[in-house]
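Look over the sequence and the model before reading on.

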Amino acid sequence: MITNFDELISKVKECSKKTLAVAVAQDDAVLEAVHEAKVQGIADAILVGDEGKIREIADTLKIDLSDYQIIHEPDDWQAALKAVKLAHDGVADMYMKGLMDTKSFLKSILDKEVGLRTGKPLSHVAVFEVEGIRQLLFLTDVAFITYPTLEDKVHIIENTVKVAHACGLECPKVAPLAAVEVVNPKMPATLDAAELTKMNEEGKITGCIVDGPLSMDIAIDPEAAAHKGATGRKVAGDADILLFPDIHAGNLVYKTLVHTAKVENGCILTGTKVPAILTSRSDSFRTKVNSIALAAVVAEGLKNE
């Protein structure tokens, strides 16, 4: 079981070398992260975009591009289509957003001809290494599905369990979160959590243990679980996957961790043919590198399915 990002990167190096396709690659922060990933042996990269601008940025950053494949395409949308097609055709194992807006990046993923559709809903997972917590935490969905239905939550769990499996967790523990740990008919999140637990017990959700509803403290803190008399719960104090009731709860927790705690994190979009790396310009350099490493491990896991 992988417990931190250093171990994750070590695992990447045990896998076959992966290739990353970058759409609209003339982005200094992305180029810097892609180069670091190459230097660390995490992945090679195919850079698609305006070659002149890519080389200008690389010169500024003192990055040697002699060992990179560059596909010149000055039109941003066409660059995205060419990059995603590399992933669609199996030339690249991962797909990453460069200097383009998120809406266009997602549009390229969903393109009927060259995109990465699988027929299942997409979802986002953020993986955190948090000081004081022994295992990695998989937070979902914090950035993509706004108000997930019960059916959406089933797909989110399925998508995230695949990521957890790729990270060495044979049977991850899933906590459908709510403000309380008991079912309350006036709180829809608790009803969904109870139904997800039942579906897991009936074998309709597999590859994991689901136990909800759970409050955040009971899900991740063994002492809080013991204090509240919840030690009999299957996931109490030891959750791997934190399933949020909506994007507001997930995004607030994500940003609180990033801005107040000592953490390492990486994020990918799942439910796609290959992992898609959707980072923000505000994300740290380390987060971008971690996201590439996470995508590489998941790509290896998908290959072995």
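Which residue does the side chain of arginine 233 meet in a salt bridge? The partner is aspartate 211, at 3.1 Å from N to O.

## Basis of the report

This is a predicted model, in which local features need pLDDT of at least 70 and side-chain atom pairs count only at pLDDT 80 or more, while totals for chains, interfaces and linings use all residues. Residues are numbered from 1 along each chain as its sequence is written, and side-chain values use heavy atoms, with hydrogens and water left out.

## Salt bridges

Side chains of opposite charge can pair when their charged atoms come close. A salt bridge is counted when a side-chain nitrogen of Lys or Arg is within 4 Å of a carboxyl oxygen of Asp or Glu. The structure holds 16 salt bridges. In the pair of arginine 233 and aspartate 211, arginine 233 lies in the loop between H9 and S9, and aspartate 211 lies in the loop between strand S8 (209-210) and helix H8 (216-220), so the bridge ties together parts that are 22 residues apart in sequence. Helices (H or I, at least four residues) and strands (E, at least two) are DSSP runs, numbered from the N terminus. Aspartate 211 is buried, with a relative accessible area of 5%, whereas arginine 233 is partly exposed at 23%. For these words, buried means under 20% relative accessible area, exposed means over 50%, and partly exposed is in between (1.4 Å probe, protein chains only).

A salt bridge also joins glutamate 201 and lysine 234, with the closest N and O atoms 3.3 Å apart. This pair links distant parts of the chain, 33 residues apart: glutamate 201 is in helix H7 (residues 188-201), and lysine 234 is in the loop between helix H9 (222-227) and strand S9 (241-243). Glutamate 201 is exposed at 56% relative accessibility, and lysine 234 is partly exposed at 38%. Lysine 82 and glutamate 73 form another salt bridge, at 2.8 Å from N to O. Here lysine 82 is partly exposed at 36%, and glutamate 73 is buried at 12%.

How many of the residues of strand S1 (residues 18-23) are buried? The count is 6 of 6. In a regular strand the side chains alternate between the two faces of the sheet. In S1 both faces are covered, with Lys18, Leu20 and Val22 buried on one side and Thr19, Ala21 and Ala23 buried on the other.

Two strands pair if DSSP finds at least two bridges between them. S1 runs parallel to strand S2 (residues 43-49) and is joined to S2 by 6 bridges; alanine 21 stands opposite isoleucine 46 in S2. S1 also runs parallel to strand S4 (residues 94-97), with 4 bridges, and leucine 20 has methionine 94 in S4 as its bridge partner.

## Pockets

A pocket is found on a 1 Å grid over the protein atoms alone, as an open set of points where a 1.4 Å probe fits, with protein on both sides within 12 Å along at least five of seven lines; lining residues have an atom within 4 Å of a point. The largest pocket has a volume of about 510 Å³, where volume is the space filled by probe spheres set on the points, and points are joined across faces, edges and corners. Its lining has 23 residues, and Tyr254, Lys255, Ser280, Ser282 and Asp283 lie nearest the centre. Helix H10 gives the most to this lining, with 5 residues.

The second largest pocket has a volume of about 210 Å³. Of its 16 lining residues, the closest to the centre are Lys162, Thr270, Gly271, Thr272 and Leu302.

## Backbone details

The peptide bond from threonine 140 to aspartate 141 is cis, with omega near -10°. The peptide bond from glycine 212 to proline 213 is also cis, with omega near 5°, and proline 213 is in the loop between S8 and H8.

Valine 24 is not a glycine but has a positive phi of about 55°. It is found in the loop between S1 and H2 and is buried, with a relative accessible area of 1%. Lysine 62, not a glycine either, has a positive phi of about 60°. Lysine 62 is exposed, at 75% relative accessibility.
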